[in-house]
Amino acid sequence: MPAEPVEATAPPPTVRAEPVEATAHSPTVQAEPVEAAALSAGSPRCTSPSPSSGRTAAAAPQALAADAEVRRNGRTRRAAAPPLTVLWITPMRALATDTLRALQEPLPDLAPHWTSGLRTGDTTSGERAAQDRRLPTVLVTTPESVSLLLARADARERLASVRLVVVDEWHELVGNKRGVQVQLALARLSGWNPRLQVWGMSATLGNLPDALATLMPTLPPRAPRRPKPLLLQGRIDKALQVQVLLPGRAERFAWAGHMGLSLLPQVVQSIEASASTLVFTNTRSQAERWYQALLEARPDWAGTLALHHGSLSGEVRGWVEAGLKTGTLKAVVCTSSLDLGVDFLPVEQVLQIGSAKGVARLVQRAGRSGHAPGRTSSITLAPTHSLELVEAAAARQALAEGHIEDRHTPRAPLDVLVQHLVTIALGGGFVPDALLAEVRRAPAYATLADSDWQWALQFVRQGGASLANYPDFHRVVPDDDGVWRMPDARLARRHRSNIGTIVSDASMQVQFVSGGRLGSVDESFIARLKPGDVFMFAGRLLALVRTQQMTAYVRAAPPGSAALPRWNGGRMPLSDTLADAMLRQLEQAERGVFASPEMRCAQPLLALQAAWSALPTPARLVAEVLHTREGWHLYLYPLAGRLVHLGLAGLLAWRAAQQVPNTFSIAVNDYGLELLSAKPVDWPALLPHLIGQATRSAMGSGLQAEVLASLNATEMARRRFREIARIAGLIFQSHPGEQRSSRQLQASSSLYYDVFAQYDPDNLLLAQARAELLAQELDMHRLAHTLQRMQGQQLSVHRLERPTPFALPLMVERFRERLSTETLADRLARMVQALEVAADATMGTARADGLTVPVMLEPADEPGAPRPRRARGHRAAR
């Protein structure tokens with residue numbers, strides 16, 4: 001979506017969609033009054049203030065005052081500091097540092113004898129040693145560090161004094177295994193102190209009552225009755241201003257995958273107009289590219305423009321965060337590493353490059369500006385292609401209507417349970433029946449089956465049926481008193497060094513030959529390079545000198561072509577909330593209603609799509625059939641997000657191949673899918689049957705089996721198993737003084753996968769790998785819901801003479817697989833030129849600047865770009 005041609009010396013005036021004021025809030029919930037008796041009785045609660053409303057600053061004095069009052073009730077103040085009383089859990093280390101600072105401010109007035117401290121992966125060895133002797137009264141920490149405390153032999157003695165646990169940014173934890181880790185810790189702490197208070201703080205959740213229920217462990221037997229849990233919401237809505245940078249002209253034929261640099265002049269102008277700006281991108285490679293582009297456009301910003309993402313060294317990230325807090329930085333280009341509630345008060349505005357892909361993420365990022373009560377948060381969206389204009393309008397609509405995504409806890413993940421059993425065995429040991437009752441008090445394990453529990457016990461005792469002859473898997477054994485403990489000191493050290501559920505691909509340190517460290521990058525990326533190759537990292541051009549063990553030694557490279565770093569895990573599919581809002585926007589467009597500036601800007605593309613085919617709406621499913629030299633194409637537009645479309649494309653191809661043996665190539669994006677076959681397929685006749693038949697078994701095991709068969713899911717489950725094996729303690733990311741490469745980890749996990757598949761096929765970790773593949777990588781629940789919705793829609797099939805504006809992006813995704821960037825750009829330029837001629841003939845329009853259409857492409861290996869896949873057809877088709 002290139003902007004109109006401009007002179008290099010004078011950027012054009014910034015074109016914005018009209019700013020719209022909205023309020024960022026969760027669904028209104030009437031909370032009961034908070035009485036002093038409720039505080040003293042340990043009433044659990046979940047607070048939901050708006051993002052950037054200063055919830056930490058507001059909650060900290062209340063929490064400390066409430067608990068200090070309880071401790072003073074009936075006793076005099078002592079000079080000695082009380083033992084650990086308040087445990088404050090945050091999901092990230094940077095937020096922990098800010099939280100400690102906010103807690104320390106009221107301490108002299110509220111509790112002058114209390115001490116405070118921080119315990120995360122960044123805590124120095126000296127401070128850890130001091131905490132080992134005596135923990136502070138208030139401890140700010142992370143889920144992983146809490147588990148490490150539970151793994152101490154004296155865990156009960158040191159943690160039974162905890163009276164209040166505050167879980168900050170609960171929305172970041174509730175939907176993943178780190179949240180399950182927190183649930184298990186709370187179940188243990190509340191068993192030691194049944195009057196434990198638990199506070200959860202969250203800002204961007206659509207299902208707050210569920211989040212509260214998930215946070216609270218059930219009471220242990222014979223525990224005193226506690227008051228009803230409270231759901232508190234701030235009375236002051238947070239003003240949120242959403243703006244959109246509009247191009248001078250929105251292209252009628254656009255495609256995803258490029259960086260959005262056509263809007264660079266407008267972004268520069270927007271940054272110039274504010275004292276401090278955060279520029280969010282969705283991938284780290286995109287952040288690197290935009291950082292370089294901004295520096296090239298404004299060299300005078302050197303020193304006041306910074307880069308921040310999770311692969312940079314802790315020193316660099318700390319320097320950037322300090323600069324944001326003090327207001328010395330003009331702008332920071334960043335990723336989700338700055339999503340959470342770190343207090344950057346001087347930040348005036350937020351820019352989002354591309355779509356945020358979800359309403360919750362949009363609200364969260366917008367809240368980084370105006371980060372104080374009473375101040376307006378501002379976010380400006382910079383669409384990277386024309387269809388993201390529709391996403392921007394949809395996000396504005398969803399936000400105005402108060403729609404936000406739900407997040408749900410994983411159910412009974414056995415890898416986390418296995419890790420927890422070993423942790424508790426180290427933390428004083430356990431009796432199985434008592435621990436089972438405790439584990440079931442964690443909401444994620446409320447329905448844990450007896451058979452699953454017995455399997456987990458046998459797994460930590462001897463590694464299951466297939467590993468019983470290997471001593472390293474005899475981790476936990478019962479002693480003479482029936483208490484299960486971990487007697488092997490070597491295995492104990494290895495377990496402690498690998499506690500946690502954060503699993504990422506192995507990374508290599510990037511270090512100058514002269515010694516300075518820059519951060520880390522995926523090992524798979526460095527493996528593709530040879531000495532002398534140039535790549536971009538940490539905002540610099542670097543030349544690889546050599547690799548040694550897990551370090552890539554580099555030197556500064558002169559300006560020139562660069563390969564972008566590639567990180568896995570940068571894919572963010574369109575959320576269901578935002579997808580539904582997009583369908584409503586398209587429905588309005590079909591009626592001729594273009595109410596927002598973004599939709600008016602995208603009107604030429606949408607009008608052409610409607611003229612050549614039709615627009616998808618909540619009531620209509622659009623399919624397009626096209627025959628080219630490549631074969632027979634089917635384009636389908638459910639608008640359900642990339643993950644759902646991947647599973648749906650494989651399912652439809654597999655079902656079609658059962659009817660007539662065939663082989664299909666698949667391409668997907670957030671808006672639709674493409675199936676390409678070498679043999680003709682009568683899609684108008686076949687598609688209604690495939691959709692209807694698939695939907696009738698939508699929620700059954702038959703649909704799951706078909707999806708797994710269609711996508712060669714064994715290999716996908718094998719990759720998923722690596723994460724499960726690491727959490728369950730089968731393989732280890734690191735030993736003390738040693739780090740293992742991703743190739744070693746994958747080889748080890750693949751060996752275990754094969755052993756279990758052959759000799760222990762009922763191993764529950766294999767079943768978990770398949771279940772997580774369906775739930776997380778293929779979003780099976782949403783896939784089933786999409787199929788049910790498709791059955792109720794009117795199917796509108798259109799035979800095409802040429803690709804439509806919605807079809808071209810899918811065609812480009814296939815081209816990327818086999819064409820170089822230059823060849824692809826040339827081919828697209830010719831295609832778009834011919835399509836523009838046809839569009840002018842259809843719409844009765846002509847381009848004022850002739851038929852020359854600039855094609856701006858970035859390297860094809862941008863993370864997150866979906867890759868065409870071969871669908872597994874009927875065996876006779878192979």
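**View 1. The surroundings of E391.** Leaving aside residues up to four places away in sequence, E391 touches S355, K357, L574, L578, M582 and Y671, where a contact means heavy atoms within 4.5 Å. E391 is found in helix 15; helices (H or I, at least four residues) and strands (E, at least two) are DSSP runs, numbered from the N terminus. With a relative accessible area of 1%, E391 is buried, a term that stands for under 20% relative accessible area, with exposed for over 50% and partly exposed in between (1.4 Å probe, protein chains only). E391 and Q585 lie 194 residues apart in sequence, and their C-alpha atoms are 8.9 Å apart in space. The model is predicted, so that local features need pLDDT of at least 70 and side-chain atom pairs count only at pLDDT 80 or more, while totals for chains, interfaces and linings use all residues. Residues are numbered from 1 along each chain as its sequence is written, and side-chain values use heavy atoms, with hydrogens and water left out.

**View 2. Helix 15 along its length.** Helix 15 covers residues 387-400, and its 14 residues should span 20 Å at 1.5 Å a residue, which agrees with the 20 Å between its end C-alpha atoms; the expected span is 1.5 Å times one less than the number of residues. After helix 15 comes G402, which has a positive phi near 75 degrees.

**View 3. Helix 15 against helix 22.** The axes of helix 15 and helix 22 (residues 597-612) come within 9 Å and cross at roughly 140 degrees, the axes being lines fitted to C-alpha atoms, for helices over the stretch in contact, with angles that run from 0 to 180 degrees between N-to-C directions. The two helices are therefore oblique to each other, since angles under 35 degrees count as roughly parallel, over 145 as roughly antiparallel, 65 to 115 as roughly perpendicular and the rest as oblique. The contact is made by L387, L389, V390, A392, A393 and R396 of helix 15, together with E598, M599, C601, A602, L605 and L606 of helix 22.

**View 4. Two cysteines.** At 14% relative accessibility, C601 counts as buried, and C334, at 0%, also counts as buried. A search of the whole structure finds zero disulfides, a disulfide being a pair of cysteine sulfur atoms within 2.5 Å.
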